[in-house]
Amino acid sequence: MGWRLLAPAVFVLAGVLFITSMVSSQGTDLRAGRYDDLDSLANSQARDLAGIRARAADLSAQVDRLSKEAGSAADDPAQRKAGRLAGPAGLEPVTGPGVTITLDDAPDDAIEATTGDVSELLVHQQDIQAVVNALWAGGAEAMTIQGQRVVATTGIKCVGNTVVLHGVPYSPPYRISAIGPTQTMLSTVSASPYIQFYLEVVRQSGLGWDVKEKPVLHLPGYDGATDLEFARPATAARG
């Protein structure tokens, strides 16, 4: 008889716990599965942050428009000077001939079959930086990595099997586009000792490397934060 009296109480308690769980989760999974695909996670975070950056850029544009309507931008010498420097600083879009160089990891089967150091079959930040430096040395006037404009405060960081640029994680392939004297840029890229070593690994292990000349490239202006997070102007540091 005891279990007959106990059974209804157990059912009632289970119902209360079920309802409590439903209310607490609000229709979501209380134990969401972890991400096993780092590339998908990186791309998802990149899309989320890109949306936030787009919203911030839109709000910044509204502030600029309202400032101009109020006449403050036209009357402030500092604002006029800042406007003249926007182009050289990479804050304005540019169009012109150039090149696009794409770096990619070796194919999956080559990575799985290797008995050596797997990292040699992956693209690293120093590989991207070598291409960027060679393009600048060749007279590049403007540049993007993964569609993001490269400016003076741009940093390239390798985190796991992704590269972080302006706080956004990206997975390969990595596309670097530069506007400038095409042939001179290609010459400096070919002459770079680091890139020559990289191309040797390309021939041996199948690392991705692709170079395309572009008669017209459209590169966006940088629309992120321009404040220095750690560095300080030299004059301020001396003071």
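In the predicted model, the crossing of helices α6 and α7 is right-handed. The axes of α6, which spans residues 125–137, and α7, which covers residues 182–191, come within 8 Å of one another and cross at roughly 135°, and α6 is therefore oblique to α7. On the side of α6, the residues that meet the partner helix are Ala134, Leu135 and Ala137, and those they meet in α7 are Met185, Thr188 and Val189. By residue class, this contact of α6 with α7 comprises five nonpolar residues and one polar residue, with no charged residue taking part.

Helix α6 also packs against helix α8, formed by residues 193–205, with the two axes coming within 9 Å and crossing at roughly 130°, so that α6 and α8 are likewise oblique to each other. The crossing of α6 and α8 is left-handed. Here α6 contributes Gln126, Asp127, Ala130, Val131 and Ala134, while α8 supplies Tyr194, Ile195 and Tyr198; the residues of this contact divide into six nonpolar, one polar and one charged.

Of the contacts in the chain with a separation of 6 or more, 74% are accounted for by residues 24 or more positions apart. Buried residues make up 29% of the 239 residues, and the accessible surface of the chain comes to about 15,500 Å², with carbon and sulfur atoms providing 58% of that area.

Note on methods:
Residues numbered from 1 in each chain as written. Predicted model: local features only at pLDDT ≥ 70, side-chain atom pairs only at ≥ 80, totals over all residues. Heavy atoms only, no water. Axes fitted to C-alpha atoms, helices over the stretch in contact; angles between N-to-C directions. Helix = DSSP H or I, 4+ residues; strand = E, 2+ residues; numbered from the N terminus. Parallel < 35°, antiparallel > 145°, perpendicular 65-115°, else oblique. Left-handed = near helix turned anticlockwise from the far one by under 90°. Contact = heavy atoms within 4.5 Å. Nonpolar A, V, L, I, M, F, W, Y, C, P; charged D, E, K, R; others polar. Buried < 20%, exposed > 50% of the residue type's maximum accessible area, 1.4 Å probe, protein only. Areas by Shrake-Rupley, 256 points an atom, 1.4 Å probe, with all protein chains shown as cover.
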